[in-house]
Amino acid sequence: MKSIRDAAVEGKRVLVRCDFNVPLDEQGNIEDDFRIRAVLPTLRFLLSNGAKLVLISHLDEPNGESLERMSLGGIGKRLEQLLGISVRQTASCIGKEVDATMSSLSKGEALLLENIRFCQEEEANDTEFAKDLSRLGDLYVNEAFSVCHRAHASVVGIPKFLPSYAGLLLEKEVAALSKIIKDPERPFTVLVGGSKVETKGAFIDAISEVADLVLLGNLLSTAQGGKKFKHEEKIVRPVDGIPGNGQEFDIGPETIALFAKHIKEAKTLLWSGPMGKVEEKEYEEGSFAVAQAILESGAYSVAGGGDTVAFLRGHNLAEKFSHVSTGGGAMLAFLANEKLPGLEALGYYNGN
Ligand code: 3PG
């Protein structure tokens with residue numbers, strides 16, 4: 001993968017695929033701007049080197065419709081505050097208004113296109129659409145690791161038409177996650193929780209090929225029922241739970257002690273998915289205890305996934321981890337050794 005550090009960007013129009021898919025509250029206010037802040041080093045690097053920026057992102061899943069509540073308007077405003085420059089915005093992601101705004105852009109200025117998923121050609125990976133987008137730039141930067149598992153036009157289509165580079169965050173994600181699966185210091189212990197059970201089974205089988213132990217959170221363990229995993233000998237299930245509404249909504253004190261013991265012995269730790277139903281305060285004890293144990297262990301620690309990151313950030317614990325991934329599905333796919341189309345498009349798997 002070529003790095004933007006090696007690109008000549010002075011006076012160039014640079015198309016940057018970002019992932020500003022941030023959580024919004026009922027009124028449409030940004031709840032957490034972690035993903036916006038994470039791309040600032042790349043944007044500042046490009047701006048200070050005299051590039052003109054065209055920023056591309058999706059927000060949520062509008063499925064090809066222009067939906068007001070999924071507009072990037074508020075994100076553009078937050079970017080302006082964070083970057084300290086005016087960020088132009090267009091009502092569409094392609095067309096005459098975009099072309100006109102683009103041609104009036106000067107060095108060190110930025111344009112944020114409207115939600116790319118308002119155009120159904122994005123998810124359909126339409127070649128003409130990708131070609132039209134590519135005309136807005138002289139080079140392309142993928143700074144959206146978290147969407148690299150999607151073969152969409154702005155992820156895999158544009159690189160067919162423009163010299164393409166990895167952004168600083170994308171490089172950092174790949175380096176941190178590779179370290180975990182390629183050469184982890186052992187014992188390597190993984191904690192998997194959360195409630196999206198259907199997406200986790202295959203991940204647990206894949207990660208247990210390299211991990212020494214996989215500790216399962218409560219909701220996940222209950223939902224898996226009696227299902228056996230490929231490396232059952234590496235799986236550690238909760239031994240007690242905190243009941244709520246006829247189910248168990250958190251790991252109990254004995255499980256906390258058991259998990260803490262395994263965490264203490266580990267040299268590499270990966271955590272994806274809260275241990276319990278952390279959106280309700282009374283069920284966050286298990287996740288909190290696990291987070292503390294991870295930080296006290298001194299091991300190389302990586303956390304990822306929207307709910308886990310939100311939990312850690314809510315308790316001001318995120319910055320204490322060795323790496324907090326911006327990726328949800330993309331992180332799991334990468335760690336499960338699946339080929340990510342977005343990385344493939346940058347030549348990552350050919351060693352380019
Ligand atoms: C994410 O939130 O993980 C990324 O933004 C990808 O979003 P998606 O799952 O809607 O493709």
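Predicted model: local features only at pLDDT ≥ 70, side-chain atom pairs only at ≥ 80, totals over all residues.
Local features were taken only at pLDDT of at least 70 and side-chain atom pairs only at pLDDT 80 or more, while totals for chains, interfaces and linings use all residues. Numbering starts from 1 along each chain as its sequence is written, and side-chain values rest on heavy atoms, with hydrogens and water left out.

**Ligand site**

Around the ligand stand Asp-19, Asn-21, Arg-35, His-58, Glu-61, Arg-117, Ser-146 and Arg-150; a residue is near the ligand if one of its heavy atoms lies within 4 Å of it. This shell holds no nonpolar, three polar and five charged residues. In this division Ala, Val, Leu, Ile, Met, Phe, Trp, Tyr, Cys and Pro count as nonpolar, Asp, Glu, Lys and Arg as charged, and the others, Gly among them, as polar.

| Residue (side-chain N or O atom) | Distance to a ligand oxygen atom |
|---|---|
| Asp-19 | 2.7 Å |
| Arg-35 | 3.1 Å |
| Glu-61 | 3.4 Å |

The ligand taken alone exposes 310 Å², and the protein buries 82% of that. Accessible areas come from the Shrake-Rupley method with a 1.4 Å probe; for residues, only the protein chains shown count as cover.

**Helix H2**

Helices (H or I, at least four residues) and strands (E, at least two) are DSSP runs, numbered from the N terminus. Buried means under 20% relative accessible area, exposed over 50%, and partly exposed in between, with a 1.4 Å probe and protein chains only.

In helix H2 (residues 40–48), the buried residues are Leu-40, Thr-42, Leu-43, Leu-46 and Leu-47. Viewed down the axis of H2, they fall within an arc of 160°, so they line one face of the helix; the arc is that of the directions from the helix axis to the C-beta atoms. Their cover includes strand S1 (13–17), helix H1 (34–38), strand S2 (52–56), helix H3 (73–83) and helix H8 (168–182), where contact means heavy atoms within 4.5 Å. After H2 comes Gly-50, with a positive phi near 85°.

Ile-180 belongs to helix H8 and is buried, at 0% relative accessibility. Not counting residues up to four places away in sequence, Ile-180 touches Phe-188, Thr-268, Leu-269, Leu-270, Tyr-300, Val-302 and Leu-335.

Thr-255 lies in helix H11 (residues 253–265) and is also buried, with a relative accessible area of 0%. Apart from neighbours within four places in sequence, Thr-255 is in contact with Pro-238, Val-239 and Asp-240. A polar atom of the Thr-255 side chain is 2.9 Å from the backbone nitrogen of Val-239.

**Backbone features in loops**

Arg-186 and Pro-187 are joined by a cis peptide bond, with omega about 0°. Pro-187 sits in the loop between H8 and strand S7 (188–192).

Asn-63 is not a glycine, yet its phi is positive, about 55°. Asn-63 is in the loop between S2 and H3 and counts as exposed at 58% relative accessibility. Asn-316, likewise a residue other than glycine, has a positive phi near 55°. The loop between helix H13 (306–314) and strand S14 (323–324) contains Asn-316, which is exposed at 51% relative accessibility.

Definitions and conventions: Polar contact = N/O pair within 3.5 Å; in protein donor to acceptor, adjacent residues only side chain to side chain.
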